[in-house]
Amino acid sequence: METWQKILQASITRPAQITPRFGIDPVPLDAVTAQYPMRITPYYQSLIREVNDPIWRQAVPDALELRDSVCFTDPLDEENQSPVPNLVHRYPDRVLFLVCAECAMYCRFCTRKRKVGGESMVVNGDTIAQGLDYIRTHPEIRDVILSGGDPLLLADEKLDGILTALRAIPHVEIIRIGSRVPVVLPQRVTIGLIRVLRKHHPLYLNTHFNHPDEITATAAKACARLADAGIPLGNQTVLLRGVNDDPAVMKRLMQKLLAIRVRPYYLYQADMVQGTDHFRTSVAEGLEIVRALRGHTSGLGVPAYVIDAPGGGGKIPLLPDYLQQLGDDEVLLKNYRGELYSYRNVPPAAAAEAERQVANSDGK
Ligand SMILES: *Cc1c(COP(=O)(O)O)cnc(C)c1O
Ligand code: SF4
């Protein structure tokens, strides 16, 4: 067994293994874990400083998970957009392919809380073969995103097999991996894994840091190995109440990500996932965070703030009100300091062309 597998095996899965140390009665939380699994790696546990700190909130079950009456089990309508099990085809040219049902940690705010780590999510040789077949027979798919669960929990050979099969499909141009392993089990990023990944370029990896305290020397080393293998690294952060709903925290997170060669990609407004209502913030707070980043720190560190539309509409970007007025003649803009600027507009190309024709005919 590899070291990372031993670490994973030493993860705690019951509230009684952690909350008594912090003076919290674990018994009421058993009802939560009966519905939504718990798993915290020893590494991620070591980042907890106190009850309800940002690390704790992401990892330790909360009784509020069972009191959510607002949200939905599958808010993004993924099941209805799955032509075959575990493959979501929402956009014209790319698919989300769920190749592992397990995660190194079960994040309390997870969008696929309804199924990851539970019995309802079945990933096996057959579902993987069906997904590969679907991709093979749909030439419009040029981008495949491996997700789960966490694809990097697959054994090296299994992952290699899937990547090799995808690479054999001529129309698959790029492959992306979505993984929280660099954050919750960085020891998984072994030399052996790197050897597998680097065979399958162009390969991108998006990871999922939510708080600056998650960027440790160990996590940095995992990211350095991936980046050194030529894998462009991106980050998807979920805006979470009590975790990162603070412009200063978010700025520090983005800056620290850039310092470990991870480029902020998306900042997600929390999905309306049943059991996660207590994590949601208002959209106004999200916009305020974006406003506090843009212009105030490196543009490289400003992710796109999006809402993944309930009902499967896809990601919709949101921007603060930089564009104050879009007129035919004048565009009125607000900069990052709130100062107004005017830009002289030009007519749309079609209108310009029509005008030119009129001018030409006048000249004859
Ligand atoms: C997020 C997502 C993608 C990828 O979207 P990008 O904007 O290209 O990163 C693809 N399919 C599904 C179902 C998604 O949720
Ligand atoms: S790692 Fe991702 S898929 Fe797994 S529980 Fe966390 S958010 Fe959900």
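Figure 1. The expected span is 1.5 Å times one less than the number of residues. This is a predicted model: local features need pLDDT of at least 70, side-chain atom pairs count only at pLDDT 80 or more, and totals for chains, interfaces and linings use all residues. Residues are numbered from 1 along each chain as its sequence is written, chains are lettered from A and ligands numbered from 1 in the order in which they are written, and side-chain values use heavy atoms, with hydrogens and water left out. Helices (H or I, at least four residues) and strands (E, at least two) are DSSP runs, numbered from the N terminus.

**Figure 2. Which residues of helix 10 are buried?** They are V249, M250, L253, M254 and L257. Buried means under 20% relative accessible area, exposed over 50%, and partly exposed in between (1.4 Å probe, protein chains only). Looking down the axis of helix 10, you'd find its buried residues within an arc of 130°, so they line one face of the helix; the arc is that of the directions from the helix axis to the C-beta atoms. The face turned away from the buried side carries the exposed residues A248 and A259. Strand 6, strand 7 and helix 11 (283–293) are what the buried residues of helix 10 pack against, where contact means heavy atoms within 4.5 Å.

**Figure 3. Helix 5 gets the same look.** Its 12 residues (residues 125–136) should span 16 Å at 1.5 Å a residue, and the end C-alpha atoms of helix 5 are 16 Å apart, which agrees. Here the buried residues are T127, I128, G131, L132, Y134 and I135. They cover an arc of only 160° around the axis, which puts them on the same side of helix 5. Their packing partners are strand 1 (87–88), strand 2, strand 3 and helix 6 (156–167).

**Figure 4. Here is the largest pocket.** It holds about 1,100 Å³ of space. Of the 46 residues that line the largest pocket, L96, R112, S147, Q236 and Y268 are the closest to its centre. A pocket is an open set of points on a 1 Å grid over the protein atoms alone, with protein on both sides within 12 Å along at least five of seven lines; a cavity is a set where a 1.4 Å probe fits but cannot get out, and lining residues have an atom within 4 Å of a point. Grid points are joined across faces, edges and corners, and a volume is the space filled by probe spheres set on the points.

**Figure 5. Two cavities of 30 Å³ or more turn up in the whole structure.** The largest cavity has a volume of about 50 Å³, and its lining is Y36, P37, Y106, C107, R108, C110, K113 and V116. The second largest cavity comes to about 40 Å³, and E78, E79, S82, N86, V88, L98, R114 and K115 line it.

Figure 6. Most residues other than glycine have a negative phi, and most peptide bonds are trans. Yet G148 and G149 are joined by a cis peptide bond, with omega about 15°, and the bond from H201 to P202 is cis too, with omega near -5°. N86 is not a glycine, but has a positive phi of about 65°; at 9% relative accessibility, N86 counts as buried.
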